[in-house]
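Try each task before reading its solution.

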Amino acid sequence: MALACLMILSASGATYAFGIYSTALKSSLGYDQRTLNTLAFFKDLGSNVGLIAGLLNEVAPTPAVLAVGAVMNLAGYLMVYLAIAGQTARPPLWLMCAYICAGANSQSFAGTGALVTCVKSFPGSGRGIVLGLLKGYVGLSGAIITQLYLAIYGADDAKSIVLLIAWLPAAVSVVFLPIVRVMPSPRRDEHDGAFFPFLYISIALASYILVMIVIQKQTSFSHTAYAASATALLLLLILPLLTVVVRQEYCRFKKGELQEEESLPGPPTSVTVDKPIASLEVTEHPPPTASYSCPGSCLKDMFNPPAYGKDYTIPQALVSVDMLVLFLATICGVGGTLTAIDNLGQIGQSLGYPAQSVNTFVSLVSVWNYAGRVTAGFASEALLARHELPRPLALTLVLLLSCAGHLLIALAVPRSLYAASIIVGFCFGAQWPLLYAIISEVFGLKYYATLYNLGSAASPVGAYVLNVRVAGRLYDAEAARQHRHGLNGESRTCMGAACFRESFLIITAVTVAGAIVSLVLVWRTWNFYKGDIYAKFRVDAVAAEQRPGESEPKVVSRRDRTN
């Protein structure tokens with residue numbers, strides 16, 4: 001099941017390839033920068049607002065969620081491709097926004113179906129480890145899709161990548177659709193060892209992609225060479241993961257045989273209980289009373305949430321101060337880094353970087369995105385386990401680090417875009433496993449499918465404010481000023497450091513404000529993270545293994561022994 005989830009997520013990051021085909025989109029349909037940023041906003045809106053996917057996951061099986069996502073992916077991106085290729089009449093802007101939003105929204109269905117299922121199947125494992133690994137494969141997916149696009153269609157037509165992202169993620173979801181489902185929760189020591197081989201495989205995969213991108217940008221690759229590199233990529237992606245899964249299943253099979261031998265009938269074991277049998281307490285949960293159907297009682301319950309780590313209802317989480325703080329911090333942090341990623345091509349063009357270098361920046365963002373996700377997940381888990389540092393503190397540090405990348409873009413230091421793209425890509429990726437882990441730990445797992453998508457809904461809000469209203473508007477204003485003064489013959493293109501300077505100074509200030517806001521959550525959850533946040537799941541796993549059966553010890557009271 002974990003292998004199927006990783007395969008689905010490794011093909012689900014089509015939105016990260018927007019920087020490759022955005023130039024073709026702009027030239028084919030005659031868009032200006034603000035219009036292009038509007039499309040980018042609807043792309044981010046679709047990929048991050050997954051409330052429908054979350055609510056569907058609460059009432060329908062996981063295969064249904066994945067099937068709906070596959071249909072939306074194919075329909076949305078296929079219409080975008082037909083518009084760019086000129087196979088249909090030029091659609092109005094609102095219709096293009098609907099197409100790209102529908103296609104991107106399929107990512108939330110794939111993420112909900114695969115990621116939420118994995119988290120619920122391994123609740124007692126390190127939440128940062130599971131989420132960091134899963135989101136790491138999502139981060140690599142943009143680079144994987146790019147390599148497959150070069151092998152199948154070649155590097156001359158950027159429009160063809162839209163066709164690839166229309167059918168490939170849908171096909172992968174359909175192939176693994178029958179396998180993905182919530183599994184019984186195992187003991188933590190039974191599955192923790194498998195996550196580290198997955199990590200090492202993903203590091204090898206990211207290293208291979210990094211090397212291939214650099215080589216491809218420095219040398220001239222033939223179509224055969226692209227096909228050979230993509231074949232090696234697929235082998236590196238599938239075979240090691242399959243090997244780990246087969247080994248784990250074999251170990252579980254051997255362990256099951258051993259347990260069957262140990263569970264052969266034998267004399268029952270007597271356990272002495274000091275309390276008389278009559279005094280043993282049985283805790284019963286009282287049936288819900290009719291008062292809960294009253295609107296007043298529901299409203300009172302909504303503003304009376306349980307302790308951290310317990311299962312919040314959706315209304316309780318919606319009105320929670322902690323969710324509000326997370327939402328604001330995500331608006332500031334993810335919104336700023338997403339603005340930089342979506343505009344990376346235009347930033348490099350305005351600063352006079354060669355087209356080859358700009359393509360390298362865009363391609364490598366997926367690798368830095370992966371590095372941020374995996375590092376944040378594993379590092380925050382290690383800090384929590386060894387030093388009891390709250391996970392929200394790691395989010396604060398990531399937000400502060402991203403400010404360095406924004407300042408490098410704003411100040412336009414010579415050749416600094418290389419470092420800026422690494423920092424921004426790393427920080428963008430690092431925020432996601434932290435956000436999703438915090439939501440699962442603070443608000444519980446009962447309604448995690450919906451709350452997971454609720455948290456990610458902050459991203460398009462930040463992207464709209466910072467990308468469309470700030471960066472897009474200021475870029476077009478500077479381009480118009482240059483055209484009026486004869487500095488640039490193309491009215492839709494801006495050249496020079498002034499194109500994005502003011503925008504990223506504003507984004508830096510907003511991100512600092514987000515880091516300050518996140519400290520409120522650090523303070524509120526400090527005592528919660530000082531405790532054992534996984535104790536509940538370990539107890540549940542042990543209780544599941546000790547269901548009544550012949551192999552269980554028989555409980556005998558001291559009174560029965562004397563009689």
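Helices, as named here, are DSSP runs of H or I with at least four residues, numbered from the N terminus. Keep in mind that this is a predicted model.

**Exercise 1. Work out how α2 and α5 are oriented to each other.**

Solution. First take the geometry: helix α2 (residues 18-29) packs against helix α5 (residues 62-84) at an angle of about 50°, and their axes are 9 Å apart. Angles of 65 to 115 degrees count as roughly perpendicular and those under 35 as roughly parallel. The two helices are therefore oblique to each other. Next, list the contact: α2 supplies Y21, A24, L25, S28 and L29, while α5 supplies Y77, A83 and I84. Sorted by class, this contact of α2 with α5 has seven nonpolar residues, one polar and no charged ones.

**Exercise 2. Check the span of helix α19 against its number of residues, then look for a kink.**

Solution. Helix α19 covers residues 458-484, which is 27 residues. At 1.5 Å a residue, the helix should span 39 Å, and the 38 Å between its end C-alpha atoms agrees with that. Then follow the axis: α19 has a kink of about 25°, centred on N467.

**Exercise 3. Describe how α3 packs on α19.**

Solution. The axes of helix α3 (residues 33-48) and α19 come within 9 Å, crossing at roughly 175°. Since angles over 145 degrees count as roughly antiparallel, α3 and α19 are therefore roughly antiparallel to each other. On the α3 side, the contact residues include R34, F41, D44 and L45, and on the α19 side they include Y464, N467, R469 and Y475. By class, the contact of α3 with α19 divides into nine nonpolar, seven polar and five charged residues.

**Exercise 4. Which cysteines does a disulfide join, and what is the hand of the link?**

Solution. Searching the whole structure gives one disulfide. This disulfide joins C494 to C499, with an S to S distance of 1.9 Å. The angle about the S-S bond is -95°, and the link of C494 and C499 is left-handed.

Conventions:
Residues numbered from 1 in each chain as written. Predicted model: local features only at pLDDT ≥ 70, side-chain atom pairs only at ≥ 80, totals over all residues. Heavy atoms only, no water. Axes fitted to C-alpha atoms, helices over the stretch in contact; angles between N-to-C directions. Contact = heavy atoms within 4.5 Å. Nonpolar A, V, L, I, M, F, W, Y, C, P; charged D, E, K, R; others polar. Expected span 1.5 Å × (residues − 1). Bend = angle between axes of the 7 residues up to and from the residue. Disulfide = S-S within 2.5 Å.
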